[in-house]
Protein chains: 2
Amino acid sequence: MISPAIVLVHPREEGNVGSAARAMANMGLDRLILVEPAPELGKMATAFAVGAKHVLDACERKPTLQEALAPFRRVVATTSARDRRWDVPLLSPRELPAWLAQDQPGTPTALVFGPEVGGLTNDDLALASAVVTIPCSPVQPTLNLAQAVLILAYELYVSRGELPPPATVGHPEPPATSGEIDGLFEHATEVLRRIGFDRDDSFEGVLRDLRRLAARAAPESRDVAILRGICRRAIRALERRT
Amino acid sequence: MISPAIVLVHPREEGNVGSAARAMANMGLDRLILVEPAPELGKMATAFAVGAKHVLDACERKPTLQEALAPFRRVVATTSARDRRWDVPLLSPRELPAWLAQDQPGTPTALVFGPEVGGLTNDDLALASAVVTIPCSPVQPTLNLAQAVLILAYELYVSRGELPPPATVGHPEPPATSGEIDGLFEHATEVLRRIGFDRDDSFEGVLRDLRRLAARAAPESRDVAILRGICRRAIRALERRT
């Protein structure tokens, strides 16, 4: 049974947060995380969250998307853009349950939704190991935020009981948490600085490309530890020689 | 292509009618019928009907459900009640498209939704030749009206052959060749030597783990070039300091 946390990045309308909470409760999800800035949840949110006040009451707030994602080992982002090209798997909502079922049962998983206007940025998307696009008519191709939450939650709900037991192929070890990968990137950035890469115009772009590569690789905790060990050694070697 | 009319019986909130219209437009439906009494559609309805004003503008009003249904040859009702017993087929949303596809193409079809509170009556349900129940968590088993419309419209939309070819493959760029990855590893091994990693007992194992990680990441040629650029810079920085 896959019960991801729902992460809403900078939602603008509290009514939409309330509606999303209701949709979550309808489909058996209960962990909601808001990335600031996000509206205060007052009467309007409660009015829309019919039967889901427990979801709003338990909702967490995080200052950045990275902090929100730190505890999760599997991150899936949503986008309405069809024409952009990603180097991570691009899934339909229907394909999502089987794709997540490749992970060990209980793998902490987050589904990330962007703001009502504009959606997730490329930097946000770089943190995800898969992207889901909801099929829509070209006449009105953008779904309301709560509607998008509903469709994904519905597909996961309906898939329960239908999916074969988790495949034994796939990841024997759980993937590293986003927090572990953040730590690796701080470390790697430090190495890149020390070898003078930060003076390149392409520095930010390179970091983003490496981040995307890491999301695709889905490194295990052990891989991250090895790579950090290498960074540590490189920094020490560079220091010794000054 | 099954494009049913959406019939809302006595909807109470104009915002819900607007949201339902948006959900319809999202999923390529455009015929909306309201059974009186139904609210006037003012600013609130328009605000919720983002991108679907054409649906609201063309919406029809009928004094009774029977009159609303008169032109249709196939009528499907929706209900959240799970435990009642019907003498008509009881379908899940996923089963609906195939069931409707048994009709001649172009058969005029209506999907009927009850009021926000209470749903359709037994008399209403008696007019339908099938009943659909949307699967829901027992914690919050009633969907918002527009959400219910969305799920059925989504299932019909997804079942059409109109969808863009499923983009399950994620690589817009071809993955790097094994030869390119070999080159990267020679380069990386050289860096590891220069920072003294080759004196570790674990050196060979680390190389193997990195190799597995690279295989899983399926880097593009461009990623390999970036990583080799970093190796080159690291080697130069280490040389400068000897």
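Helix α1(B) is largely enclosed by the rest of the structure, because twelve of its 13 residues are buried. Here a residue is buried if 20 or more other C-beta atoms lie within 10 Å of its own, exposed if 12 or fewer, and partly exposed in between, with C-beta atoms placed from the backbone. Helices (H or I, at least four residues) and strands (E, at least two) are DSSP runs numbered from the N terminus. The buried set of α1(B) includes E14(B), N16(B), R22(B), M24(B) and N26(B). What lies over these residues? The cover of the buried residues of α1(B) includes α7 of chain A, along with β1 (5-9), β2 (32-35), α2 (43-48), α3 (53-57) and α7 (145-159) of chain B. Contact means that the C-beta atoms of two residues, placed from the backbone, lie within 7 Å.

Before going further, a word on what you are looking at: this is a predicted model, in which local features need pLDDT of at least 70 and side-chain atom pairs count only at pLDDT 80 or more, while totals for chains, interfaces and linings use all residues. Residues are numbered from 1 along each chain as its sequence is written, and chains are lettered from A and ligands numbered from 1 in the order in which they are written.

Back to α1(B), residues 14-26: its end C-alpha atoms are 18 Å apart, which agrees with the 18 Å that 13 residues should span at 1.5 Å a residue. That expected span is 1.5 Å times one less than the number of residues. Just after the helix, G28(B) takes a positive phi of about 75°.

In soluble globular proteins, nonpolar side chains tend to be buried together.

Now to where the chains meet. In all, 53 residues of chain A are in contact with 53 residues of chain B. On the side of chain A that touches chain B, the elements giving two or more residues are α1 (14-26), α7 (145-159), α8, α9 and α10 of chain A. Of these, α10(A) gives the most, with seven residues. That side of chain A divides into 30 nonpolar, eleven polar and twelve charged residues. In this count Ala, Val, Leu, Ile, Met, Phe, Trp, Tyr, Cys and Pro are nonpolar, Asp, Glu, Lys and Arg are charged, and the others, Gly among them, are polar.

Helix α8(A), residues 178-194, has 17 residues and reaches 24 Å from its first C-alpha to its last, close to the 24 Å expected. Its buried residues are S178(A), I181(A), L184(A), A188(A), V191(A) and L192(A). Why do they share a side of α8(A)? They cover an arc of only 130° around the axis, which puts them on the same side of α8(A); the arc is that of the directions from the helix axis to the C-beta atoms. Among what covers them are α9 (203-217) of chain A and α10 (221-240) of both chain A and chain B. Just after α8(A), G196(A) takes a positive phi of about 85°.

Stepping back to chain A, its secondary structure comes to ten helices and seven strands. Buried residues make up 48% of its 242 residues. Among contacts in chain A between residues at least 6 apart in sequence, 87% join residues at least 24 apart. In strand β7 (residues 130-132) of chain A sits V131(A), which is buried, with 23 other C-beta atoms within 10 Å. V131(A) and P89(A) are 42 residues apart in sequence and 6.4 Å apart in space, C-alpha to C-alpha.

Finally, some backbone details. Most residues other than glycine have a negative phi, and most peptide bonds are trans. H10(A), however, has a positive phi of about 45°, and lies in the loop between β1 (5-9) and α1 of chain A. A cis peptide bond joins E36(A) and P37(A), with omega about -5°, and the peptide bond from E36(B) to P37(B) is cis, with omega near -5°.
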